[in-house]
Amino acid sequence: MSLSAIYFDLDGTLVDSEHLHAVSWNKVLAMFDLHFSETEFCQQFAGKPTLEAAKVLVEEHQLGLSASALAKKKHIVFAEISKLHLPALLPGAKALLAWCREQGLKVALVTGSAKEEAHSILTGHDLAKYFDVIFTRDDVEQPKPHPEPYLRAIAHFSLTASSGLAVEDTVTGSSSAKSAELYTVVVPNKYSLSADFSHADSRCSSLLEVQALIASKL
């Protein structure tokens, strides 16, 4: 395998933001007298695009507004909260991104987050400079677990899937990458540790291990 490009997820993969997503959702859902514990929320919705989570919440709890309206409220709240309480980068995240660039690899961000949500994190941690291209939920018709997000990124580079490696932390994201025929590496977050990742090509316990894996394939 000769690598030319690395495709990274954002939430739960590079940044420990699942907690902030749960907090944001609970702030929005408080107007409907709904509350999820962080564990409940992340086990059900981690890795799912906001609009997809909103569709489930609207249907299951008969919230009386459209999924798109609910998702918009959550996008706004997340962006506001993340400016005040920027979620921490996962250990080794920035070093791995910098190292990938030093190796001459193309680097893409492929996230299920909305553009405004991703922007607050990328700006807060000065991460945008590490990516050749960024695809958010707003840039695709069909979000993860559909392969479109990764297929769009692969096409942007004019490369084949066989020359790329994706790094993900959930079944939703890894299924998307694998369906796009990318070599798929999972680094489970604390809520996805027990998930079935049998479809993935490799499993690592940290981003440091991911770097070693990438190095072995150069």
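The model is predicted, so local features are given only at pLDDT of at least 70 and side-chain atom pairs only at pLDDT 80 or more, while totals for chains, interfaces and linings use all residues. Residues are numbered from 1 along each chain as its sequence is written, and side-chain values use heavy atoms, with hydrogens and water left out.

The elements named below are DSSP runs numbered from the N terminus, with helices (H or I) of at least four residues and strands (E) of at least two. A nonpolar core is a set of buried Ala, Val, Leu, Ile, Met, Phe, Trp, Tyr and Cys residues joined through side-chain atoms within 4.5 Å. Buried means under 20% relative accessible area, exposed means over 50%, and partly exposed lies in between, with a 1.4 Å probe and protein chains only. The largest nonpolar core has 53 residues, and Phe8 and Ile214 have the most contacts inside it. Helix α4 (residues 67-84) gives the most to this core, with six residues. Another core, of 15 residues, lies apart from it and includes Ala5, Tyr7, Ile154 and Ala177. In soluble globular proteins, nonpolar side chains tend to be buried together.

Contact is counted where heavy atoms lie within 4.5 Å. Neighbours within four places in sequence left aside, Phe8 is in contact with Leu14, Leu96, Leu97, Cys100, Val107, Ala108, Leu109, Val110, Phe131 and Val167. Val107, one of these partners, lies in strand β2 (residues 106-110). Val107 counts as buried because its relative accessibility is 0%. Val107 and Ala153 are 46 residues apart along the chain, and their C-alpha atoms are separated by 9.7 Å.

Two helix pairs were examined, with axes taken as lines fitted to C-alpha atoms over the stretch in contact and angles running from 0 to 180 degrees between N-to-C directions. Helix α5 (residues 93-102) packs against helix α9 (residues 207-216) at an angle of about 15°, and the axes are 9 Å apart. This angle makes α5 roughly parallel to α9. Angles under 35 degrees count as roughly parallel, over 145 as roughly antiparallel, 65 to 115 as roughly perpendicular and the rest as oblique. The crossing of α5 and α9 is left-handed. A crossing is left-handed if the near helix is turned anticlockwise from the far one by less than a right angle, and right-handed if clockwise. Ala93, Leu96, Trp99 and Cys100 of α5 meet Leu207, Val210, Gln211, Ile214 and Ala215 of α9. By class, the contact of α5 with α9 has eight nonpolar residues, one polar and no charged. Here Ala, Val, Leu, Ile, Met, Phe, Trp, Tyr, Cys and Pro count as nonpolar, Asp, Glu, Lys and Arg as charged, and the others, Gly among them, as polar.

For α1 and α4, the packing angle is about 125° and the axes are 9 Å apart. That angle makes α1 oblique to α4, and α1 passes α4 in a right-handed crossing. Residues of α1 in this contact include Leu20, Trp25 and Val28, and those of α4 include Leu70, Val77 and Phe78. The contact of α1 with α4 comprises nine nonpolar, three polar and three charged residues.

In helix α6 (residues 115-124), the residues Glu117, Ala118, Ser120, Ile121 and Leu122 are buried. Their cover includes α1 (18-29), α3 (50-61), α4, β2 and β3 (133-135).

Other backbone features occur in loops. Asp33 lies in the loop between α1 and α2 (38-45) and has a positive phi of about 60°, although it is not a glycine. Asp33 counts as exposed because its relative accessibility is 73%. Glu181, in the loop between α8 (171-179) and β5 (183-186), is likewise not a glycine and has a positive phi of about 70°. Glu181 is exposed, with a relative accessible area of 63%. A cis peptide bond with omega of about 15° joins Lys144 and Pro145, and Pro145 is placed in the loop between β3 and α7 (148-157).
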